[in-house]
Amino acid sequence: MASTEIARQAGEGARAVPLSGHVGFDSMPDQLVNKSVNHGFCFNILCVGETGLGKSTLMDTLFNTKFEGEPTQHNQPGVTLKSNTYELQESNVRLKLTVVNTVGFGDQINKEDSYKSIVEFIDAQFEAYLQEELKIKRTLHSYHDTRIHACLYFIAPTGHSLKSLDLVTMKKLDSKVNIIPIIAKSDAISKSELAKFKIKITSELVSNGVQIYQFPTDDESVAEINSTMNSHLPFAVVGSTEEVKIGNKMVKARQYPWGTVQVENENHCDFVKLREMLIRVNMEDLREQTHTRHYELYRRCKLEEMGFKDTDPDSKPFSLQETYEAKRNEFMGELQKKEEEMRQMFVQRVKEKEAELKEAEKELHEKFDRLKKLHQDEKKKLEEKKKSLDDELNTFKQKKTAAELLQNQAQQAGGSTTLKRDKERKN
Amino acid sequence: MRPGKRSGLRVLNGQQKNLEGYVGFANLPNQVYRKSVKRGFEFTLMVVGESGLGKSTLINSLFLTDLYSADYPGPSHRIKKTVQVEQSKVLIKEGGVHLLLTIVDTPGFGDAVDNSNCWQPVTDYIDSKFEDYLNAESRVNRRQMPDNRVHCCLYFIAPSGHGLKPLDVEFMRRLHEKVNIIPLVAKADTMTPEECQQFKKQIMKEILEHKIKIYEFPETNEVEEMKLVRKIKDHLPLAVVGSNTIIEVNGKRVRGRQYPWGVAEVENGEHCDFTILRNMLIRTHMRDLKDVTNNSHYENYRSKKLAAVTYNGVDNNKNKGQLTKTETDDGMSPLAQMEEERRDHVAKMKKMEQEMEQVFEMKVKEKLQKLRDSEAELQRRHEQMKKNLEAQHKELEEKRHQFEEEKANWETQQKILEQQKLDSRTLEKNKKKKIF
């Protein structure tokens, strides 16, 4: 019996004991499957490619249905992502499918930032999941997972090589999402050109270090088919929702004057291979890779950015509580420091202002002291003047009284003289 | 492996899409099946009960193996002074499926004279497994985490025939929110069916009275499954018998207990509920037990633990408001909470700044006003003094003026008088001159 992960994990700590009858735990996988089917599955595809490469048509063809949406024009100012969610059912399996389309990719004159909105979108889905996972009260098992499980990268069928926009974008996305490159509208390429084209693309991807998704070969039941398919990458696809009568069957095809391209004919294109790999065989693996690889990478980077570590300098593992507590203490310390700083600043200002005002007060008093002095001086002068006036007055009075006295005397004398004179006259 | 169906596709509500033709995601369950078998399964089962209730025998019977044997004795054979919690791990394989089974037992439980707190080691053990999982889940670098949490606890009730003992009640009440409890009546072959019925009824009544939450079997829409669940519920607590020996009965080799009066067969549904237990525990509900542990018991533990962390380091006195806030906002992670606290703090600081600014401005205004007032006052006084002085000046001026006028008058008067005198003298002189 093949070794399982659990068996490896058990290692020395567990002994293997034989069973003497049928216990029944071999129903565990069925129990798990039943639960999953009851719960429903979800799958999210991102289609990246220039406008007009047939992304929407391919989705319609893959899922045998007409998803909505108008074909977009080429005059978008930037790259936006539009996502639509559909509930599909096949037999007893319910699938919540989300298709995300890049609108306006490759239409701008300057395409340097084209990849940014795509990366942001993918990161935003990771972030939403991370936030949910970090909540105190969380409901992970009923969370609608919006993380992108597969990215179909549509390569234009030039027949020569990858465009630099393609390389740049895929390089930015390969650590965030499972990239499956496909050659779109491949009915424009002849068979011989196609083989060369595929080789060129693969070698360019390798030489630029772009990690595209490899179909897993570790499970024996699917290892063979997966490794064969790996060698057919990138898949050259043709999409069509129109049906044409071939023989006595209606098949999906594109009709040209020179012949009919049948979508599901493996000689004509790799559509069937894509469907096999993407949906029938590896859908679960794509979801698992997204969760255990891409999401973990994002989470790790995000937590490290926020300052979380697994071990302290002495290599002792932190418990979650310690980490949170440490963060919290740091945080509180910061806040307190800020408060202190602000208070200090105010104290400083108050001091300065007080000093200013004191200065002003001092000046004022000095000013008025000066004025007072001036007054005093003036008053003094005034007093002096007054005094001198009084002196003059006095002198004058004295003079006057003296003069009057004299006058009186003179008058008296004069009076007697006049009397004498009068007397003399009379005589 | 199930074949993929080609057509006959139904649609669902919401964005309904009609799928015509084969897409292939009906194969998803097979993919899940494949992956799960490749990974293997794990399960941790805890058995609790006093010594001698047949716990080890039951485990051996359940898993059809000698988990407990002479080399690895069961809990009752290990005489302990205090209650220990011990685990044994075995790896069993069946039909390509690997199961890592951990049996946790509690030798010494309920055996002492004073059994107060004998559940403590058990709760500590369960909590420590939760803690391990929480820490593993919270690491920055995470790897495939082994799930060692206790998924199910089989509680053995002694077949006294009367009801639950206080220890039973206490233990179950302390653990029902940490682990899935399935109560069992041990050594059911010591009771007649009627006694057993009575006993079971009594126990279920007491369980209800004490509000003990035993494991709830999930409701489903499937009729068959519901019938099964009904049957299990009707038989709770399951009366079990275990045996390590195989006896021949009517040509069949069965596990059973040989008595002089007959053989009590373990797997006979009329003799005991063993088959019900095994089917439920292993064949139908093993997955659900794990899910309930993960989604319910573990999440409870986790949210309590993380809520405690965010309360830490926070002053209880000034935080009445904050406590209620976090209670209503517990849909957040501690980090988000810190973010919000940071925002609050920024707002608080702004407000504080504004207030301080206001106070500052006001004080400055006051001071300036005072200064201006005193300046005005001084100015006024200065003006007044000036006016005063000027008035005095004027007065003085007038006085002088008056004086000058008077003086001038008087002087002119004097002059006139003088002139008059002179004139009169001259006249007299002239007169005298004339006379002669």
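Tutor: Gladly! Two strands pair if DSSP finds at least two bridges between them. Helices (H or I, at least four residues) and strands (E, at least two) are DSSP runs, numbered from the N terminus. This is a predicted model, in which local features need pLDDT of at least 70, side-chain atom pairs count only at pLDDT 80 or more, and totals for chains, interfaces and linings use all residues. Residues are numbered from 1 along each chain as its sequence is written, chains are lettered from A and ligands numbered from 1 in the order in which they are written, and side-chain values use heavy atoms, without hydrogens or water.

Student: Which residue stands opposite Q258(B) in β9(B)?
Tutor: Start with the strands: β8(B) and β9(B) pair in the antiparallel sense over four bridges. They form a hairpin with two residues between them. Across this pairing, the residue in β9(B) opposite Q258(B) is V263(B).

Student: What is the bridge partner of V249(B) in β8(B)?
Tutor: Strand β8 of chain B covers residues 252-259, and four bridges join β7(B) to it, the two running antiparallel. For V249(B), the partner in β8(B) is K252(B).

Student: Now chain A: what is the average twist in the open sheet β8-β9-β10?
Tutor: This sheet of chain A has three strands with antiparallel pairing. β8 (243-246) and β10 (259-262) are at its edges with a single partner strand each, so one side of each lacks a neighbour in the sheet. From one strand to the next, the twist averages 65 degrees.

Student: What is the bridge partner of Q255(A) in β10(A)?
Tutor: Strand β9 of chain A (residues 249-256) runs antiparallel to β10(A), and four bridges join them. In β10(A), Q255(A) has as its bridge partner T260(A).

Student: How much area do chain A and chain B bury between them?
Tutor: Contact means heavy atoms within 4.5 Å, and by that rule 127 residues of chain A touch 131 residues of chain B. Buried area is the accessible area (1.4 Å probe) that two parts lose on being put together, summed over both. Carbon and sulfur atoms hold 61% of the total, which is about 13400 Å².

Student: Which residues of chain A lose the most area to chain B?
Tutor: We are looking for three residues, which together make up 7% of what that side buries. They are R15(A), E90(A) and I136(A).

Student: Which residue stands opposite R15(A) in β2(B)?
Tutor: Here the pairing joins two chains: strand β1 (residues 15-16) of chain A and strand β2 (residues 86-94) of chain B run in the parallel sense, over two bridges. Opposite R15(A) stands V90(B).

Student: How many salt bridges are there between chain A and chain B?
Tutor: A salt bridge is a side-chain nitrogen of Lys or Arg within 4 Å of a carboxyl oxygen of Asp or Glu. One example joins the side chains of K399(A) and E411(B), at 4.0 Å from N to O. Between the two chains, the count is 17.

Student: Which helix gives the most to the side of chain A that touches chain B?
Tutor: By class, that side has 54 nonpolar, 24 polar and 49 charged residues. Here Ala, Val, Leu, Ile, Met, Phe, Trp, Tyr, Cys and Pro count as nonpolar, Asp, Glu, Lys and Arg as charged, and the others, Gly among them, as polar. With 45 residues, the element that gives the most is helix α10 (residues 320-426) of chain A.

Student: Where does P234(A) lie?
Tutor: The peptide bond from L233(A) to P234(A) is cis, with omega near -10 degrees. P234(A) itself is in the loop between α7 (220-230) and β7 (235-236) of chain A.

Methods: Axes are lines fitted to C-alpha atoms, for helices over the stretch in contact, and angles run from 0 to 180 degrees between N-to-C directions.
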